Each structure stands twice: as structure tokens, then as C-alpha cells.
Amino acid sequence: MNDLSNEIRDAINVKFGTVSNFCRHIGVPQSTISTALKNGIGSMSFDTVIKILSALDIVYRDDVFVLPDEEVGRVADGLSLLDGQGRDKMVEYVEKERRVPAGND
């Protein structure tokens, strides 16, 4: 089992309690999910991977899986309340801060 599979299993347990509950929620056979957790999601259909990630609020960007956390959720909620200009300013700010080397803030 790889790290992503462990993270997915943990997210399933936290959000749905059991793999069985998760499978019922997303409409995918338990055998499919069990195999993915054992062997990784690389051989699964794209549609199934999207169902899994969406149900667990996991985002895939730039070859990195971003797992949800409370702080990211608060930021996303706040962004959704801003108008277009406000969102643009926040994105600009984040991009600027990303360019600052660690420890220089």
C-alpha cells in the first residue's frame, strides 16, 4: 500500500466510518475500492478516481494530491464569498507569498 492509498483509507474512515459505507455513497463496488487501496489507484478508471477524490474532498493539482484540512477549508469558504476582484487580489497575494523563500517572512 502506498502513501496515497493510506491517506485515502484514513480519509474514508474519518468521513464515512467504513469502506463499505464509502462504497455505497459513491456507487462503486467494495471490491474495486479494496483493490485500489491495496494496489494503488493507478490502474483504476479515471471516472472512478474522480468519484473517490471528490467524495473525500481531495484535490489533484500539479502532480500533487492536496488533502483537505481545516485551514484550507476556511480559506476556500472565504474566497467563495468574495467578488471577482477580491478573489483576484487574494490569488495575487498567495502567488506573491509563494515566491518568498521560507524563513524570510
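Starting at the N terminus, the protein chain reads α-α-α-α-β-β-α-α. That comes to 6 helices and 2 strands. Keep in mind that this is a predicted model. The average pLDDT over the protein chain is 81, and 80% of the residues score at least 70.

Among the elements, helix H2 (residues 19-26) has the highest mean pLDDT at 96, while strand S2 (residues 64-66) has the lowest at 61. Where pLDDT is low, the predicted coordinates should not be read in detail.

As for the chain overall, 23% of its 105 residues count as buried. Take the contacts with a separation of 6 or more: 46% of them are between residues 24 or more positions apart.

| Helix pair | Angle between axes | Axis distance |
|---|---|---|
| H1 and H3 | about 135° | 8 Å |
| H2 and H3 | about 120° | 9 Å |

Let's begin with H1 and H3, whose axes are 8 Å apart at an angle of about 135°. That angle makes H1 oblique to H3, and the crossing is left-handed. On the H1 side the contact uses Ser 5, Ile 8, Arg 9 and Ile 12; H3 answers with Ile 33, Ala 36 and Leu 37. Sorted by class, the residues of this H1 and H3 contact are 5 nonpolar, 1 polar and 1 charged.

H1 brings Arg 9, Ile 12 and Phe 16 to the contact, and H2 brings Val 19, Asn 21, Phe 22 and His 25. The class count for H1 with H2 is 4 nonpolar, 2 polar and 1 charged.

That leaves H2 and H3, packed at about 120° with their axes 9 Å apart. They are therefore oblique to each other, and their crossing is right-handed. Val 19, Ser 20, Phe 22, Cys 23 and Ile 26 of H2 make this contact with Gln 30, Ile 33 and Leu 37 of H3. Here the residues divide into 6 nonpolar and 2 polar, with no charged ones.

Some residues turn up in two of these contacts. Arg 9 and Ile 12 of H1 meet H3, and Arg 9 and Ile 12 also take part in the contact with H2. On H3, Ile 33 and Leu 37 are in the contact with H1, and Ile 33 and Leu 37 are likewise in the contact with H2.

**Two residues to look at**

Is Ser 5 buried or exposed? This residue lies in helix H1 (residues 3-16). Ser 5 counts as buried because its relative accessibility is 1%, under the 20% cut-off. Leaving aside residues up to four places away in sequence, Ser 5 touches Ala 36, Leu 37 and Gly 40. Ala 36 and Leu 37 are also among the H3 residues in the contact with H1.

Gly 27 sits in the loop between H2 and H3. At 58% relative accessibility, Gly 27 counts as exposed, because the cut-off for that class is over 50%.

Technical notes:
Residues numbered from 1 in each chain as written. Predicted model: local features only at pLDDT ≥ 70, side-chain atom pairs only at ≥ 80, totals over all residues. Heavy atoms only, no water. pLDDT = per-residue confidence, 0-100. Helix = DSSP H or I, 4+ residues; strand = E, 2+ residues; numbered from the N terminus. Buried < 20%, exposed > 50% of the residue type's maximum accessible area, 1.4 Å probe, protein only. Contact = heavy atoms within 4.5 Å. Axes fitted to C-alpha atoms, helices over the stretch in contact; angles between N-to-C directions. Parallel < 35°, antiparallel > 145°, perpendicular 65-115°, else oblique. Left-handed = near helix turned anticlockwise from the far one by under 90°. Nonpolar A, V, L, I, M, F, W, Y, C, P; charged D, E, K, R; others polar.
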